[in-house]
Amino acid sequence: MSNLTIILGVIGSDCHSVGNKILDAFFTERGFQVVNLGVMVSPEEFVAAAAEHHAAAILVSSLYGHGELDCAGLRDRCTHRGLDGILLGIGGNLVVGKTPREVVQEKFRAMGFDYVFFPGDDLEEFARRLREDLLKAECHVTHVSPPAPHDGCLGDELRSASAPATFAAGR
Ligand code: B12
């Protein structure tokens with residue numbers, strides 16, 4: 001059976017809680033199993049929760065503009081914990097000031113995020129895409145520690161150079 005368990009949370013010292021509650025209700029209504037960590041969540045807490053709940057995706061929110069700093073190393077932490085194929089998504093106000101969307105997308109993609117969501121993007125379309133990606137994944141996240149050998153999970157494919165790996169880029 002496909003794994004639709006997702007970890008939600010607002011990363012770092014960020015206390016913006018409204019969007020997080022909306023996302024919890026939104027994904028729950030659409031049949032995802034949501035584990036919501038709330039606000040002010042550390043990268044370690046995201047990864048520990050993903051391992052504990054055998055999650056297929058981590059969806060990070062960052063509203064206050066420090067997302068890049070807060071998310072540094074998140075993908076590596078996942079890998080070290082053995083969460084090789086886990087999908088990573090991020091949304092919110094990802095940087096301070098006016099930075100072109102493409103630049104922000106590329107920045108977070110390079111940090112290992114499979115989806116980068118901007119205010120005004122279509123959440124229904126995002127959920128449809130995420131569900132589709134999770135359902136078609138033939139191999140799910142390997143939850144072991146230390147890291148499992150590379151086994152060609154979906155997340156790797158999504159991050160390959162030939163497959164632009166952001167939601168906003170129209171994957
Ligand atoms: C309310 C608010 C606050 C409240 C928060 C109260 C609370 N309990 O949540 C208070 C007053 C505490 C606050 C504080 C601060 N705030 Co404030 N705040 C806002 C405000 C006005 C609304 C946020 C909100 O609730 N939006 C409504 C929800 C529904 O939208 P959302 O959060 O964006 O979430 C949706 C989407 O983004 C998306 N989404 C979010 N995450 C993800 C993740 C994924 C994977 C996906 C797919 C989608 C997704 O889906 C959500 C649901 O639709 C915004 C301005 C704005 N209009 O957004 C500023 C804003 C976010 N705040 C800002 C700032 C700077 C701060 C402070 C740093 C101010 C200060 N100097 O102290 C502090 C930070 C405190 C902290 N430690 O976090 C800035 C951030 C600037 C930036 N990123 O460049 C904003 C944008 C205001 C501005 N224009 O300058 N804030």
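This is a predicted model: local features need pLDDT of at least 70, side-chain atom pairs count only at pLDDT 80 or more; totals for chains, interfaces and linings use all residues.
Residues are numbered from 1 along each chain as its sequence is written.

The protein contains seven helices and five strands, where helices (H or I, at least four residues) and strands (E, at least two) are DSSP runs numbered from the N terminus. From the N terminus on, these elements follow the order β-α-β-α-β-α-α-β-α-β-α-α. The five strands form an open sheet with parallel pairing in the order E2-E1-E3-E4-E5, two strands being taken as paired if DSSP finds at least two bridges between them. Strand E2 (33-36) and strand E5 (115-117) are the edge strands, each pairing on one side only, and the twist averages 20° from one strand to the next. Strand E4 (residues 87-92) runs parallel to E5 and is joined to it by three bridges; Gly89 stands opposite Tyr115 in E5.

Helix H2 (residues 43-53) lies across strand E1 (5-10), E2 and strand E3 (57-62), and runs at about 160° to E1, with axes fitted to C-alpha atoms, for helices over the stretch in contact, and angles taken from 0 to 180 degrees between N-to-C directions. Contact here requires that the C-beta atoms of two residues, placed from the backbone, lie within 7 Å. Among contacts between residues at least 6 apart in sequence, 78% join residues at least 24 apart.

Of the 171 residues in the protein, 37% are buried, that is, with 20 or more other C-beta atoms, placed from the backbone, within 10 Å of their own. When neighbours within four places in sequence are left aside, Ile58 is in contact with Ile7, Phe46, Ala50, Ile86 and Leu88.

The ligand is surrounded by 24 residues, of which Gly19, Ser61, Gly65, Gly91 and Asn93 are the closest; a residue is near the ligand if its C-beta atom, placed from the backbone, lies within 6 Å of it. Helix H1 (18-29), E3, E4 and helix H6 (123-136) each supply at least two residues of this shell.

How values were computed: A residue is buried if 20 or more other C-beta atoms lie within 10 Å of its own, exposed if 12 or fewer, and partly exposed in between; C-beta atoms are placed from the backbone.
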